[in-house]
Amino acid sequence: MGLFDKLAGWLGLKKEVNVLCLGLDNSGKTTIINRLKPSNAQVQDIVPTIGFSIEKFKTSSLSFTVFDMSGQGRYRNLWEHYYKEGQAIIFVIDSADKLRMVVAKEELDTLLNHPDIKHRRIPILFFANKMDMRDALTSVKVSQLLCLENIKDKPWHICATNALTGDGLQEGVDWLQDQIMQSNQNNANMRA
Ligand SMILES: Nc1nc2c(ncn2[C@@H]2O[C@H](COP(=O)(O)OP(=O)(O)O)[C@@H](O)[C@H]2O)c(=O)[nH]1
Ligand SMILES: [Mg+2]
């Protein structure tokens with residue numbers, strides 16, 4: 001059973017939710033997504049390009065698009081295309097990669113300022129991953145370096161994770177589930 005089975009079950013009767021899983025290469029996205037993947041998930045599409053690939057898979061009610069934001073933005077126009085459809089973001093950080101923390105922050109800032117993201121109350125779940133590594137920064141430190149407290153107009157949450165054991169992933173998924181449920185309720189209230 002994948003950790004998202006419960007969420008997928010709850011959403012069973014709802015419309016599809018698109019989750020974007022982003023972060024630099026080597027941060028642990030593929031490892032995390034493989035853990036979250038419900039057992040019946042179908043790998044829909046893997047689009048390999050030189051230096052860039054998008055992983056996509058789908059369950060009955062969740063659709064995931066995973067990509068690396070690395071490569072000096074060379075492939076940005078390829079991935080930005082997916083922003084519009086995203087209703088939740090999982091942003092993965094390698095907490096032990098201190099050298100590239102500044103690059104992760106730049107990519108995050110660029111994401112937050114993108115016209116298709118900027119004015120939307122889209123929930124962002126941060127996974128401060130690789131917590132098991134000896135020189136990993138704490139999630140509080142990662143949060144400070146990425147200036148997360150400056151994100152005022154979107155719900156966000158950060159969890160320390162170890163994708164190899166799965167530690168911390170459930171807490172994050174529970175938070176994301178609450179956010180998606182709330183925004184569905186708000187939309188329903190607005191329609192009523
Ligand atoms: N020690 C440790 N290694 C991890 C963790 N998560 C991922 N890795 C390793 O980091 C490398 C990159 O992971 P991957 O999921 O391919 O990253 P991606 O490029 O973001 O998709 C792989 O060798 C993983 O086994 C973690 O929490 N702790
Ligand atoms: Mg990957």
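Select C147 first, in the loop between α6 and β7. The model on the screen is a predicted one. The phi angle of C147 is positive, about 55 degrees, although C147 is not a glycine. Is C147 buried or exposed? With 11 other C-beta atoms within 10 Å, C147 is exposed, because a residue counts as exposed when that number is 12 or fewer.

Next, select N26, which lies in the loop between β1 and α2. N26 also has a positive phi, here about 75 degrees, and is not a glycine either. N26 has 14 C-beta neighbours inside 10 Å, and therefore counts as partly exposed.

Now show the ligand. Which residues come nearest to ligand 1? Of the 16 residues around ligand 1, the nearest are G28, K29, T30, T31 and A163. Colouring the shell by class shows three nonpolar, eight polar and five charged residues.

Zoom out to view the whole protein. Its secondary structure consists of seven helices and seven strands. Followed from the N terminus, the elements run α-β-α-β-β-β-α-β-α-α-β-α-β-α. The protein has 192 residues, and buried residues make up 34% of them. Consider also the contacts in the protein with a separation of 6 or more: 75% of these are between residues 24 or more positions apart.

Turn now to the interior. In soluble globular proteins, nonpolar side chains tend to be buried together. The largest nonpolar core of this model has 41 residues, and C21, F91, F127 and A128 touch the most other members. Several elements give two or more residues to this core, among them β1 (17-23), β4 (62-68), α4 (101-112) and α7 (169-191). The largest share of the core, six residues, comes from β5.

Select F91 and display its surroundings. Which residues does F91 touch, leaving aside those up to four places away in sequence? They are L22, G23, L108, I124 and F126.

The next selection is strand β6, residues 124-129. Six of the six residues of β6 are buried, so this strand is largely enclosed by the rest of the structure.

β5 and β6 run parallel and are joined by six bridges. At one position in this pairing, D94 stands opposite N129 in β6. β6 and β7 also run parallel, and five bridges join them. To locate one of these, select F126, whose bridge partner in β7 is I158.

Finally, trace the chain from β6 to β7. Through which helix does the chain cross? The path leads through helix α6, residues 139-145, and this β-α-β crossover is right-handed. Between α6 and β7 lies the loop that holds C147, the residue with which the tour began.

How values were computed:
Residues are numbered from 1 along each chain as its sequence is written. Chains are lettered from A and ligands numbered from 1 in the order in which they are written. This is a predicted model: local features need pLDDT of at least 70, side-chain atom pairs count only at pLDDT 80 or more; totals for chains, interfaces and linings use all residues. A residue is near a molecule or strand if its C-beta atom, placed from the backbone, lies within 6 Å of it. Ala, Val, Leu, Ile, Met, Phe, Trp, Tyr, Cys and Pro count as nonpolar, Asp, Glu, Lys and Arg as charged, and the others, Gly among them, as polar. A nonpolar core is a set of buried Ala, Val, Leu, Ile, Met, Phe, Trp, Tyr and Cys residues joined through C-beta atoms within 7 Å. A residue is buried if 20 or more other C-beta atoms lie within 10 Å of its own, exposed if 12 or fewer, and partly exposed in between; C-beta atoms are placed from the backbone. Helices (H or I, at least four residues) and strands (E, at least two) are DSSP runs, numbered from the N terminus. Two residues are in contact if their C-beta atoms, placed from the backbone, lie within 7 Å. Two strands pair if DSSP finds at least two bridges between them. A crossover is right-handed if, with the strands pointing away from the viewer, the path from the first strand over the helix to the second runs clockwise.
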